[in-house]
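Please have the viewer ready.

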Amino acid sequence: MQLNSLLAFLTLVISIVSAYQPEKSWVIGNYSRAVDLQKSYVKEKHIIEATNIDNKPIDKYYLAIPEEIEPYVTLVIPYLVIPKSESPILNGRTYTSESGEEGSDSYKNLKFYEIDLPFPIAPKSKIRLAITLVYTNAFKPFPEENEMGAEQTILFKTYKLPLAPYETLNFALQLSGAQKAEEVPINIPEDAKDLLPDLNYRVEKGNIVYGPYHAKFDAYVKLPMALIFVKDSPLPYVNKLKRDFWVSHWSNSYQLEEFYELTNNAVKLNKGFSRADYMLGKLTSRPSSIINGIAFPLPEEPTSEIYYTDLVGNVSTSTIRNNDLVIKPRFPIFGGWNYNFTIGWKNNLNDFLHNHPTNSNQYILKVSLLNGMIDATYDDVKLSVYLPEGAKLISVESPVDYDDMKVSKSFSFLDMNSGHSAVTLTFTNLVDEMRGLDILVVYEYTLFDMLLKPLTTSFYVLIALLSLYILKKIDLSIKTNEKK
C-alpha cells in the first residue's frame with residue numbers, strides 16, 4: 001500500500017485534533033525537523049517553508065507543542081529566513097487553545113506557540129522559518145536501575161510525523177546523538193502493520209533519518225514513537241542554584257559566589273556502592289553515567305581568588321584547565337545521588353561596569369545569567385545583585401522572562417547607613433547554553449553616596465578615639481589619705 005494510504009489511515013485511527021484551532025491559513029511545502037540528543041536535554045531545529053493560502057495577509061504563525069513537554073520548554077527562538085527582515089529574531093508567546101465543541105476532541109494534548117511575523121504576509125507569498133526549541137526532562141533511564149559500570153540506556157519519546165496545525169506536503173526527521181539506537185514498537189492496529197515498513201528509519205553518518213516523505217500530511221496527524229539508545233554520560237540536574245554578585249566601587253571588585261544543589265538523574269545502582277568494585281572497574285578513566293568531575297567555564301576577563309567548598313569545608317581537589325575551573329567531588333556521584341557545594345571568584349568591576357551615556361551618576365552593570373557547569377539543567381535559579389551601599393536601583397533588563405523580582409536591603413561589613421540594595425531574580429527551567437546571555441542592571445550612585453560610607457566610618461572611628469582619650473583622662477583609682 002502506498003504512503004498516501006498509510007497517512008490517510010493514520011489520520012483516522014491515530015489522532016486528529018478537531019476542536020477549536022488556529023486558522024489553517026498556511027500550507028507547509030517543506031518541513032525538516034532535526035532532534036539533537038547529545039546533551040542532558042533536547043534541542044530541536046525546525047526548518048519550515050510555508051505559503052499563505054488565505055485570501056488576506058497573515059501576520060501570525062503557530063508552532064504546535066505536545067502538552068507533555070510544554071512545561072519543560074526553556075527556549076523557543078523563531079528566526080525569519082525568508083523574506084529578509086531588519087529584525088529576523090521574532091517574538092512569540094505560548095498560546096492555550098480553547099475547548100472544542102461538545103462531543104468533539106479537544107486540544108488537551110497540544111499547546112501552541114504563537115509567532116509574530118514582522119509584517120503581514122500577502123496571499124500566495126512564502127516564508128521560511130528556522131525555529132530552535134529546547135526542552136528538559138525528556139530522558140528516562142531504561143531500566144531505572146543497573147549494575148555499576150553497565151551501559152546506560154535512555155528512553156526518549158517523541159512523534160514521528162509532523163505535528164503541525166497546517167497541512168504538510170514534504171517532511172523529514174533526523175535524530176543525532178543516539179548511540180546503538182533501537183525503536184520501540186508502538187501499538188498500531190493489525191490491519192496497519194503491513195504499512196509500517198514505509199516509516200522505517202535508516203542510519204546516515206551516525207544519525208537516524210526518517211524520510212524525506214513526499215506526501216500530503218493532514219494537520220495534527222500524531223504518530224508517537226519511542227527510542228531506546230545508549231548514553232554513557234551523566235544527566236546533571238541542578239535542583240537549586242543561588243548566584244550572588246557583590247559590587248564594590250571602592251575596591252573595584254565584582255565578586256560572585258554560587259551555591260549548588262546537584263543531582264545526577266542517570267541510572268541508579270541496583271545494589272550498594274562498593275569502593276573496591278569502583279576502583280577495579282576503572283570508572284574514572286572511561287565514559288560512564290557517573291559524575292567524577294565538574295567543569296565550570298570562567299569569565300574571559302581576569303579572574304582571581306577562586307575557591308571551592310562543600311558542607312564539610314574547603315576542597316583542594318580542583319584545578320584551572322583551559323580557563324575552566326575543574327573540581328572533583330569528595331565521592332563519585334551515581335544516579336540519584338546528591339552533592340552540595342559552593343564556588344566563587346572575583347573580577348575587576350571595570351570589566352563589567354559602564355557609565356550611562358546620558359547620566360554620569362548612573363551605571364550599567366552586566367551580569368551573566370549563568371556561568372555554571374557544562375551540560376546541565378537548572379530547575380530553580382535565584383540570582384541576586386548586591387549594589388554598593390547608598391546606590392539606588394533604576395531598572396533591570398533580562399533576556400529571559402523571570403518568575404519573580406524582589407528588591408530588598410541587605411547589611412554587610414561596615415554598613416552603617418541604609419545598607420546594600422539587593423535585587424533578586426527567580427528563574428526556572430534553564431539550561432547551560434544560556435551562559436552567553438546577560439542581564440543589565442541600571443543603578444544610580446553619586447559621589448556623595450560613594451563618600452558617605454568612608455565619612456561615616458571615619459566619624460565613628462573619631463568618636464571612638466575621642467571617647468578612649470576622655471576615658472584615659474578620668475582617674476578612677478582609689479587612694480588612701482596620708483597623715484601629715
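Pro212 is found in strand β14, residues 207-217; strands here are DSSP runs of E with at least two residues, helices are runs of H or I with at least four, and both are numbered from the N terminus. Gly211 and Pro212 are joined by a cis peptide bond, with omega about 10°. Bear in mind that this is a predicted model, where local features need pLDDT of at least 70, side-chain atom pairs count only at pLDDT 80 or more, and totals for chains, interfaces and linings use all residues. Residues are numbered from 1 along each chain as its sequence is written, and side-chain values use heavy atoms, leaving out hydrogens and water.

A cis bond also links Phe142 to Pro143, with omega near 5°. Pro143 sits in the loop between β8 (140-141) and β9 (145-146). As background, most peptide bonds are trans, and most residues other than glycine have a negative phi.

Now for phi. Lys180, though not a glycine, has a positive phi of about 50°, and its place is in strand β12 (residues 179-184). Lys180 counts as exposed because its relative accessibility is 62%; the classes are buried under 20% relative accessible area, exposed over 50% and partly exposed in between, with a 1.4 Å probe and protein chains only. Asn252 is not a glycine either, and has a positive phi of about 50°. Asn252 lies in the loop between β16 (236-248) and β17 (253-264), and counts as partly exposed because its relative accessibility is 25%.

Finally, look at helix α3 (residues 447-473), which holds Leu471. At 57% relative accessibility, Leu471 is classed as exposed.
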